[in-house]
Amino acid sequence: MNKKPMGSRLAQILIVLFGISFFTFGLTYLSPGDPAEIMLTECGNVPTPELLAQTRAELGLDKPFLVQYGRWLKGALTGDMGQSYSFKIPVVEKLAKCFWPTLELAAASLVIMLVVSVPLGVLSAVYQNKWIDYAVRGLTFLGVSIPSFWVGLILLRVFGVNLRWVSVSGGSTDWRSLILPALTLAASMSAKYTRQVRTAVLGELRQDYVTGARMRGLRERQILWFHVLPNAMLPLVTLLGLSLGSLLGGTAVVEIIYNWPGLGSMAVKAISCRDYPLVQGYVLWVALLYMGINLLVDLSYKRLDPRLKEGL
């Protein structure tokens, strides 16, 4: 890794955030549809020309592009991203409200994924080219091939319609409503991570230090758990950080299937309703999450592997 001061990294994050905000604001500005007309129609008002002109003036939509962006950027820097057209509440408040269900779903799916993928990946590597390895590789092939929305619909059909263990309508955030969407997300992730764990463990088992440990009389279990696994898990930290960032951004398909009130379903509704302030706030929020998690992952290498301390 290249050695970069913390100040330089933070400056890069600010530059990227500025570019993303400008690009997103420009796309929403050029997109078809009039937010004022959509907002008035949803409120039950007749969008007359006079009322439309008054609403555009109140929202600042009658100003030039740079003026609108400057006002939005000034408010965003102070934590004010405007008012949501469709939800009639501040954008920051809506994002915060939807973030916690998404965080619960992300944490639950990651825990399930790790509990499944790490043992299966290790077993597949230890018993390479044995029946256990073939069985695990076959399961991962199915897991990667089957799309998440299909898994979600099947689980909802079985446990919601046939067995009636969960509510089909969804909309709540209790633990019973959390299980199925978490399992749906963990299914595809477990298949991918099982393959990654298997590859990483096989690579470590071929290293010279494993041969040396065996020659010193260490048991295979000790070598595996105290030497191989810590080194094999290090490359997966980056992938885990990317998965966490993706999950925290909201998984729209799964959230819509289970009617989970998270960021993904909120973003889809905001786009369909031309809720431009909410769309802009969501994109900036997701970009900030991704870059923040990426920074934390880079910094974590220093503690996970002291050999990289000089490279950070």
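**Note on two loops and a helix pair**

1. Lys 88, at 39% relative accessibility, counts as partly exposed, a term for values between buried (under 20% relative accessible area) and exposed (over 50%), with a 1.4 Å probe and protein chains only. Lys 88 lies in the loop between H4 and H5, and its phi is near 60°, a positive value in a residue other than glycine. Most residues other than glycine have a negative phi.

2. This is a predicted model, in which local features need pLDDT of at least 70 and side-chain atom pairs count only at pLDDT 80 or more, while totals for chains, interfaces and linings use all residues. Residues are numbered from 1 along each chain as its sequence is written, and side-chain values use heavy atoms, with hydrogens and water left out.

3. Ser 84 is also placed in the loop between helix H4 (65-77) and H5, but at 1% relative accessibility Ser 84 counts as buried. The side chains of Ser 84 and Asp 275 are joined by a polar contact of 2.5 Å (a pair of N or O atoms within 3.5 Å; within protein, one must be able to donate a hydrogen and the other to accept it, and residues adjacent in sequence count only if both atoms are side-chain atoms).

4. Helix H5 (residues 91-126) packs against helix H6 (residues 131-145) at an angle of about 135°, with their axes 7 Å apart. Leu 120, Leu 123 and Ser 124 in H5 meet Ile 132, Asp 133, Val 136 and Arg 137 in H6, where contact means heavy atoms within 4.5 Å.

Conventions
Axes fitted to C-alpha atoms, helices over the stretch in contact; angles between N-to-C directions. Helix = DSSP H or I, 4+ residues; strand = E, 2+ residues; numbered from the N terminus.
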